[in-house]
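Hello,

I am passing on the structure we talked about, and I hope you enjoy looking through it. Please open it first, and then read my notes beside it.

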Amino acid sequence: MNKNNEKIYSFLKLNGFELVQKDTSSFFGDYYDIFTNNSFQLRFSSSKSFETVDIRSSNPNDNWYDLALVKTLLYDEKNLTKATTIEEHKDFLQEELYDTPYLLDNFCTNLRYNHDTFLIC
């Protein structure tokens, strides 16, 4: 685990999250760690050295969404090609942690409203 992950994992644990699932591959250093606070889940993963953070409600049947995409759509950001770093994810979570369940619900509601034939939440 790198230092950025250590920081965000510590922050999450201090704020009521628990690590509920973890897997690390012996090949390429691929991993995933899933945290939950019973409201929503966060999945930190790396595949072939590409790190991502995904979010979903605590319902295990719900879809995972890239946290950077959720943030971009919620904040109506225009530059969709800019990569989001783990540190930026940490900053977003620190600023929006208590509003995240509302933001996630709002994100899903907007997707349903705007894409009524393509329900993904």
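Below is what I found, from the overall layout down to single residues.

This is a predicted model, in which local features need pLDDT of at least 70 and side-chain atom pairs count only at pLDDT 80 or more, while totals for chains, interfaces and linings use all residues. Residues are numbered from 1 along each chain as its sequence is written, and side-chain values use heavy atoms, with hydrogens and water left out.

Let me start with the layout. The protein has four helices and five strands; helices (H or I, at least four residues) and strands (E, at least two) are DSSP runs, numbered from the N terminus. Reading from that end, the order is α-β-β-β-β-β-α-α-α. Of the 121 residues, 35% are buried, where buried means under 20% relative accessible area, exposed over 50%, and partly exposed in between (1.4 Å probe, protein chains only). The protein exposes about 7,700 Å², and 51% of that comes from carbon and sulfur atoms. These areas come from the Shrake-Rupley method with a 1.4 Å probe.

Next, the inside. The largest nonpolar core has 18 residues, of which Leu-12, Leu-42, Phe-44 and Ile-55 touch the most other members. Such a core is a set of buried Ala, Val, Leu, Ile, Met, Phe, Trp, Tyr and Cys residues joined through side-chain atoms within 4.5 Å. At least two residues each come from α1 (3–14), β2, β3, β4 (50–57), α2 (67–74) and α3 (86–96), and α1 gives the largest share, four residues. Beyond its neighbours within four places in sequence, Leu-12 is in contact (heavy atoms within 4.5 Å) with Phe-17, Phe-35, Leu-42 and Phe-44.

Now for a pair of helices. The axes of α2 and α3 come within 11 Å and cross at roughly 55°, which makes α2 oblique to α3. Axes here are lines fitted to C-alpha atoms, for helices over the stretch in contact, with angles running from 0 to 180 degrees between N-to-C directions. Angles under 35 degrees count as roughly parallel, over 145 as roughly antiparallel, 65 to 115 as roughly perpendicular, and the rest as oblique. On the α2 side the contact is made by Leu-67, Ala-68 and Lys-71, and on the α3 side by His-89, Phe-92 and Leu-93.

His-89 deserves a look of its own. This α3 residue counts as buried, at 5% relative accessibility. His-89 and Leu-67 are 22 residues apart in sequence, yet their C-alpha atoms are 7.5 Å apart in space. Leaving aside neighbours within four places in sequence, His-89 also contacts Ile-8, Val-53, Ala-68 and Thr-84.

Ser-46, in strand β3, is buried, with a relative accessible area of 8%; not counting residues up to four places away in sequence, Ser-46 touches Asp-30, Tyr-31 and Glu-51. Asp-62 sits in the loop between β4 and β5 (65–66) and is partly exposed at 27% relative accessible area. Asn-38 lies in the loop between β2 (31–36) and β3 (40–47) and is exposed, with a relative accessible area of 67%. Although Asn-38 is not a glycine, it has a positive phi of about 70°.
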